Amino acid sequence: MSVGRRRLPSVTAPETDLARKRRARRMARLLAETHPDAHCELDHGNALELAVATILSAQSTDKGVNQVTPKLFARYPTAADYAAADRTEMEEIVRPTGFYRNKADALMKLGQALVERYGGEIPGRMTDLVTLPGIGRKTANVILGNAFDVPGLTVDTHFQRLVHRWKWTEETDPVKIETAVGKLLERRDWTMASHRIIFHGRRVCHARKPACGACTLAHLCPSYGTGPTDPVEAAKLLKGPRAAELAALAEVPAPAANTAEARHKAAVGKDDTP
């Protein structure tokens with residue numbers, strides 16, 4: 001079912017708090033339809049692995065982290081292993097993620113703190129998590145939401161950019177952004193809303209040139225027109241393995257490259273998209 005709307009955003013009077021909440025929730029519902037595949041893209045099997053991967057993700061891509069963590073997780077399966085790690089060896093493993101000395105130091109100190117204070121286990125409360133080395137509020141929300149099913153909003157750069165463009169809040173401090181957006185959305189939806197917003201930021205609403213003319217949220221976005229509004233041009237900016245689907249949902253023609261790719265996959269009878 002198409003979720004796109006070709007009607008352009010209209011100029012209205014200043015938005016009330018109630019109207020903003022209603023618009024935000026409508027956008028959240030559309031995001032759920034637009035990105036049904038949204039999920040935490042850091043590979044992990046437990047809370048400790050997620051904490052480690054999230055620490056490594058600072059100034060690095062999830063893809064880059066996922067290339068490093070299999071070896072890291074195999075070498076250091078427990079908090080005690082991180083606590084007793086050889087610094088030089090760990091630095092070499094995490095080197096590809098950047099800032100490897102700081103990250104290795106944080107992982108070793110995290111392991112030590114977990115062993116000393118929490119029996120080697122990742123705690124499931126925000127108040128405890130933020131006291132641990134390498135874990136701030138954003139990382140804690142990732143851990144809580146994806147390892148403990150405790151709703152949380154992950155305010156990363158994509159999240160900040162999009163909620164500002166959508167005029168959900170004018171706050172600039174991440175904690176204040178989290179509080180403001182938390183008032184707009186149902187608490188039970190916070191974790192998945194974060195994933196969907198981040199997916200939208202990576203695939204559609206890019207920092208420099210958002211695909212406004214191929215966006216399913218265009219009719220609800222006060223920043224419509226920041227990027228190309230021509231459907232064909234905008235569709236070329238869509239990224240990710242579902243670019244053709246995103247175009248269809250927005251009721252615009254799929255980019256020729258994506259259409260050809262889809263035909264190739266159909267011909268060989270399999271989906272080889274990463």
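# Exercises on an all-helix predicted model

The protein chain has 14 helices and zero strands; helices (H or I, at least four residues) and strands (E, at least two) are DSSP runs, numbered from the N terminus. This is a predicted model, where local features need pLDDT of at least 70, side-chain atom pairs count only at pLDDT 80 or more, and totals for chains, interfaces and linings use all residues. Residues are numbered from 1 along each chain as its sequence is written, and side-chain values use heavy atoms, with hydrogens and water left out.

## Exercise 1: the chain as a whole

Task: Describe burial, contacts and surface for the protein chain.

Solution. 
- Step 1. Take burial. Of 274 residues, 48% are buried. Buried means under 20% relative accessible area, exposed over 50%, partly exposed in between (1.4 Å probe, protein chains only).
- Step 2. Take contacts (heavy atoms within 4.5 Å). Among those with a separation of 6 or more, 58% join residues 24 or more positions apart.
- Step 3. Take the surface. The accessible area is about 14000 Å², and carbon and sulfur atoms hold 52% of it. Areas come from the Shrake-Rupley method with a 1.4 Å probe; for residues, only the protein chains shown count as cover.

## Exercise 2: Gly64

Task: Is Gly64 buried or exposed, and where does Gly64 lie?

Solution. 
- Step 1. Locate the residue. Gly64 sits in helix α3 (residues 62-75).
- Step 2. Check its accessibility. The relative value is 19%, so Gly64 counts as buried.
- Step 3. Compare sequence with space. Pro96 is 32 residues from Gly64 in sequence, and their C-alpha atoms are 7.4 Å apart.

## Exercise 3: the largest pocket

Task: Give the volume and lining of the largest pocket.

Solution. 
- Step 1. Recall the idea. Rolling a probe the size of a water molecule over the atoms shows where empty space is left.
- Step 2. On a 1 Å grid over the protein atoms alone, a pocket is an open set of points with protein on both sides within 12 Å along at least five of seven lines, where a 1.4 Å probe fits; lining residues have an atom within 4 Å of a point.
- Step 3. State the volume. The largest pocket holds about 630 Å³, a volume being the space filled by probe spheres set on the points.
- Step 4. List the lining. There are 25 lining residues, with Ser57, Asp62, Lys138, Asp156 and Arg202 nearest the centre.
- Step 5. Assign helices. α3, α8 (137-147), α9 (157-165) and α11 (190-203) each supply at least two residues. α11 gives the most, four.
- Step 6. Sort by class. The lining has seven nonpolar, twelve polar and six charged residues.

## Exercise 4: salt bridges

Task: How many salt bridges does the structure hold, and which residue forms one with Arg202?

Solution. 
- Step 1. Count. The structure holds 17 salt bridges, each a side-chain nitrogen of Lys or Arg within 4 Å of a carboxyl oxygen of Asp or Glu.
- Step 2. Take Arg202. Its partner is Glu41, with the closest N and O atoms 2.2 Å apart. Glu41 lies in the loop between α1 and α2 (47-56) and Arg202 in helix α11, so the pair ties together parts 161 residues apart in sequence. Glu41 is partly exposed at 27%, and Arg202 is partly exposed at 30%.
- Step 3. Take Asp17 and Arg20. Their side chains meet at 3.0 Å, N to O. The two are three residues apart in helix α1 (residues 17-34), so about one helical turn separates them. Asp17 is exposed at 61%.
- Step 4. Extend to the network. Salt bridges link Glu15, Asp17, Arg20 and Arg23.
- Step 5. Take Glu233 and Lys236. Their salt bridge spans 3.3 Å, N to O. Glu233 is partly exposed at 40%, whereas Lys236 is exposed at 52%.

Notes:
Nonpolar A, V, L, I, M, F, W, Y, C, P; charged D, E, K, R; others polar.
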